[in-house]
Amino acid sequence: MRSLPRRRRFVAGLLLAPLLTGCFASEGGEESSGGGDDGSRLKVALAFPPAENFNPYGADATLLSRLGVTEGLTRLDANGAAAPALAESWSRENDRSWLFTLRDAAFQDGSEVTPKAVATALTRAAGAEPVTAALSGVELTAEAVGERRVRVSTAEPDPALPLRLSSPGLVVLSSKAYAEKDAVSPVGTATGPFELTKVTGTTAATLDRFDDYWGGRAQASGVDARFIADGTARTNALRTGGADIAEAVPVSQATSLDEVARRETATTRTTSLLLNTEKGAFKDPKARAAAREAVDTSDLARGVYEGHADPGVGIYGPALTWAADKRVKPTGRAEAAAADGTPVTVATYDNRPELPEVAQVLKQQLEKAGFEVKLEVREYSRLESDALAGKFDAFVSARNTMLDTGDPVSILASDYTCKGSYNLALLCDKKVDKAVAEAETVTDTAKRQDAAMTAEAAVLGTDAVVPLVHQRIITGVGAAVSGVLLDPYERGLVGVGTRR
């Protein structure tokens, strides 16, 4: 078995830690992983409870990555490019296969990260049902090649594969994660700096430091996470010392925090109005056009978000600096029809506290245009399945466009094509599918971005989605806390150097 003595692996981790944790802005101080004491435990207040018992292939994948539990072969750097994680390097064999060379690393159960283990993990992820978002429309296989390498192949050419493998839904777990036939457990089977040791339903989770982490020993001895859907309660927990870190502080609470406690990060998250194109009032493109024309995005950015967001200009917002100069004007939009009292149900979730207020303002704007609007607000975990099943006429959602793969084309494939796995608008349009399929074949980065913008224009031309605002996320950080990962892709929060 290929292995380094524990001491050598730990020292190697110290040298590699900056590569892992230095890619995003971190709050206060340097991200080192040394230190002679055991460190304090961190108290973290998160907005979204686990919806699927920490299933790493679904909505909970990002929870695991933000808490420093799981990793994949690659990660995203600050420029959105693929960077080494469990794979230290890779090369393209041909248009359908890539070879990834593994670094020396261990699973939290003590077993080694081997090519066979990686291939097994990726094979399980590829076979997950429903399909994990990063693999929407992609057929992936993996096999061990010798002692250090893994061959990852796709049925069709995939120039974005290294980006895709950075997805929180394509993590590498040990064989023990799959002990039960139809389940997967990240408890004690991942590779990150913190090990998930206890889950208390949907209210709390306990994590302990994984001392044999390849990237170095974390400075905090563990993490006590609480899931608090109410944004005011999360903020109060930070103010009263019940939390060291509070994610997604509502804009209404931002001014109640000291300036030193507020960390505002430009993100690739866009809040949008998704219109049900399959059935109901918005099956008619003229009704969708009427809804689009009724929306005042500047009012939402200025009023609801109090200036902590930018008016919606497209699926890709200003955090992607390349998008503005490449934007293509949508064509083929239908002419708006009079609403004439058409009843519609608009749904959203309250885990992000601005969204119910956004929905309320939208209700007023749509009613002014002649629609009769009913609002439905629930916690996200109680809403997602109904939204995907098309039980609402419209859905207000905050979506990080780069979260799943880091590839601008992949988000279009998963969210707006006939076979998309997260197609909340239930859009199935031949022109859109063609534009996305063409973009998926482009290898050159700049040309792929051009193709993505052409496909974005095709999506916007259907009026299936009305971009409302491009968000900035406010993270609450206690005065004694440093090293918080302020990640524009919202995949990281707690890392090796996060401490108090």
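**A strand and its surroundings**

Modeller: The chain exposes about 19600 Å², of which carbon and sulfur atoms supply 49%; please keep in mind that this is a predicted model. Buried residues, those under 20% relative accessible area, make up 59% of the 500 residues in the chain. The chain holds 13 helices and 19 strands. Its radius of gyration is 22 Å, close to the 23 Å that the globule rule gives for 500 residues, so the chain is as compact as a globular protein of that length. Among contacts between residues at least 6 apart in sequence, 72% join residues at least 24 apart.

With that background, the part to look at is strand S17, which covers residues 394–400. Because 7 of its 7 residues are buried, S17 is largely enclosed by the rest of the structure. If you follow the side chains of S17, Ala 394, Val 396, Ala 398 and Asn 400 point one way, while Phe 395, Ser 397 and Arg 399 point the other way, and all of these residues are buried.

Next come the neighbours of this strand. Strand S13, residues 262–275, is joined to S17 by 7 bridges, and the two run antiparallel; in this pairing Ser 272 stands opposite Ser 397 in S17. Strand S15, residues 343–349, is joined to S17 by 2 bridges, and here the two run parallel, with Ala 347 standing opposite Phe 395 in S17.

Technical notes
Residues are numbered from 1 along each chain as its sequence is written. This is a predicted model: local features need pLDDT of at least 70, side-chain atom pairs count only at pLDDT 80 or more; totals for chains, interfaces and linings use all residues. Side-chain values use heavy atoms; hydrogens and water are left out. Helices (H or I, at least four residues) and strands (E, at least two) are DSSP runs, numbered from the N terminus. The radius of gyration is taken over C-alpha atoms; the globule rule is 2.2 Å times the number of residues to the power 0.38. Buried means under 20% relative accessible area, exposed over 50%, partly exposed in between (1.4 Å probe, protein chains only). Contact means heavy atoms within 4.5 Å. Accessible areas come from the Shrake-Rupley method with a 1.4 Å probe; for residues, only the protein chains shown count as cover. Two strands pair if DSSP finds at least two bridges between them.
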